[in-house]
Amino acid sequence: MGVGVVTDPSNEPTADFLDVELKDIVQEYPKPEGDGVHRVLDGINLSFGEPTINMLLGPSGCGKSTLLRMLGGVRPIGVKAPTSGEVIIGGQPCDGPHDESVMVFQRYANRPDLTIRENIAFPFRLSLWKGRVPPAEREKRVDAMLKAVGLEGKGGLRPSQLSGGQNQRVALARALVLRPRILLMDEPFGALDAQTREEMQHLLIDLWKAQRCLVVFVTHDVTEALLLGDRVIVLSTSPADVVDDFPIEEPRPRSDAWLMSTPVVAMKERVLDRLHQAKTGQKGQVRVSF
Amino acid sequence: MWNPYDELSAKERRLYGLVSVGTVLLIWSVLTFGSFVRPTKLPSIVQVFEGFTYLAWNEATETSPLFLAVKSSVLRVLVASVLVVSIGVPIGVFMGASPKINAVLSPLLDPLRSAPVVAILPILVMWMGIGELMKITFLFIGAVVFLIPMVRDAMLAVSQQYWIAARDLGATEWEAVRHAVLPMAMPRIADAIVVAVSVMWTYITVAEYVNAETGLGQIITHARRQSAMNQVFVAIGVIIGLALLTYVTMMAIKRKIYPWESE
Ligand SMILES: Nc1ncnc2c1ncn2[C@@H]1O[C@H](COP(=O)(O)OP(=O)(O)O)[C@@H](O)[C@H]1O
Ligand SMILES: [Mg+2]
């Protein structure tokens, strides 16, 4: 397994931004039947040049997670990755997990034997972060994160004493406590009920405003993509290809009124259409504009 | 009747327990007090109690043979337990942490689980003589062949998501095992330790069969030679009691250390 690019730890993490570029990324998995390969990503070219929130939208099973795992360097996916193509972060080719990127999942994987505080401070048990963040600084950051995610005073509780939404807050805090320059989120709110999900969406916006970084957020929910994204990237079904890629300039938080407005409804319909076409196999690089 | 999820009240459970134990005691009493069987085959409750008082205090030497026997048996189990845990747990953890290590060790260890451990005793006697080393080794082997696969399985039972989540936060592979998989496997590893130590109590009499000067197994061997069946019963009862005590204590400690397990 390759080692990611190690950036200078003396840099203030949020101070300068790392641009991420994917060049002709192809990913194949061996077929379960044993013979041949299954192409999941078919020559993806994408670049991220600003610390914005980017929504990766696509039908289930199209390769969103596979793609996301390459955006913070290359994270192990069980086979050689990528099959071909290049991941370039901060101008340097990257063939292993990049130190400045962290990932948040739908399954928050909080350790039940640790308190909330200890869970947020968990990465500091790892040699990578131990050397980078001095102990006094760690405590300060954990305190700040507890407050930022609205779990002040709950630091001493255990994950089983919190709700699913609160546990997802812990997972988010555990990632952001590292001040990553690249935050990768794989359907993080997918398992939450509608109201909790909305709360988490607002929380994410607030956290991002306070600590700007490149966010790539995978979702299969068009509304979520429109509510959160500076940019929405739509993928076709596998082999996945970028079928749509457009910016949204409306400031956040975005209101229900905005979401219901005619151009946005039209945009949503076009994206749904694109997704539907992508599913049924018709492809084409059609840009949705509004 | 046939509802496996039915919850009995504590009172009800106790009642059924009393009925079953009482029935056995009743049959036992009828057989022995009614002189249907000879005391050398099955002693009565009274005779077992006499055996207990006989073993509990020896007037001539002013010692308690039973207490001394318990002491040396407990000591042997204790020493063997420390060895079993300190050697068996790491091996099981490494096997569970690395399919390669598992592939190397499991062809050697897995067949031992079904090997007749008692048949190993003569081999150990030939190798190590008839002293303490042989007895401890026998207990060790008997328990460790259970412990290692159970510890390995405890590691494998931890959901992969914990390992992945740690890796994605920058953990090395070993750190992900050390800080994510192992802590999650600990409650089941503790269960494995409890089982392994309990197994030792079933092997103690065999371990002490050969040339023991002390121990509960020695009492049994000695009493049987003298046809003192009541003393055999006392020793068996004490072993069951000690095994139960060990189990209950260890489980209580486990639940105290890992209260989050059932969540
Ligand atoms: N490790 C793997 N081995 C083989 N096939 C895989 C593996 N991971 C994912 N796939 C397949 O690749 C496709 C895309 O998977 P994924 O990236 O998880 O999609 P998404 O996140 O969009 O649902 C799916 O068809 C899936 O079955
Ligand atoms: Mg996915």
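Two strands pair if DSSP finds at least two bridges between them. Helices (H or I, at least four residues) and strands (E, at least two) are DSSP runs, numbered from the N terminus. This is a predicted model, in which local features need pLDDT of at least 70, side-chain atom pairs count only at pLDDT 80 or more, and totals for chains, interfaces and linings use all residues. Residues are numbered from 1 along each chain as its sequence is written, chains are lettered from A and ligands numbered from 1 in the order in which they are written, and side-chain values use heavy atoms, with hydrogens and water left out.

I start with chain A. Strand S6 (residues 101-105) pairs with strand S7 (residues 182-186) in the parallel sense, over 5 bridges. Within that pairing, Met103(A) has Leu184(A) as its bridge partner in S7(A). S7(A) is also joined by 5 bridges to strand S8 (residues 214-219), and these two run parallel. There, Leu184(A) stands opposite Val216(A). To get from S7(A) to S8(A), the chain passes through helix H6 (residues 194-210) of chain A, in a right-handed β-α-β crossover. Right-handed means that, with the strands pointing away from the viewer, the path from the first strand over the helix to the second runs clockwise.

How many of the residues of S7(A) are buried? The count is 5 of 5, where buried means under 20% relative accessible area, exposed over 50%, and partly exposed in between (1.4 Å probe, protein chains only). Ile182(A), Leu184(A) and Asp186(A) are buried on one side of S7(A), and Leu183(A) and Met185(A) on the other.

Leu176(A) is buried, at a relative accessible area of 4%. Neighbours within four places in sequence aside, Leu176(A) is in contact (heavy atoms within 4.5 Å) with Met145(A), Leu183(A), Leu207(A) and Gln211(A).

Now chain B, and its own helix H5. This helix covers residues 117-128, 12 residues in total, and reaches 16 Å from first C-alpha to last, close to the 16 Å expected; the expected span is 1.5 Å times one less than the number of residues. Which residues of H5(B) are buried? They are Val117(B), Ile120(B), Leu121(B) and Leu124(B). Seen down the helix axis, the buried residues of H5(B) fall within an arc of 125°, so they line one face; the arc is that of the directions from the axis to the C-beta atoms. Helix H6 (132-156) and helix H8 (173-207) of chain B are among the elements covering them. After H5(B) comes Gly129(B), with a positive phi near 80°.
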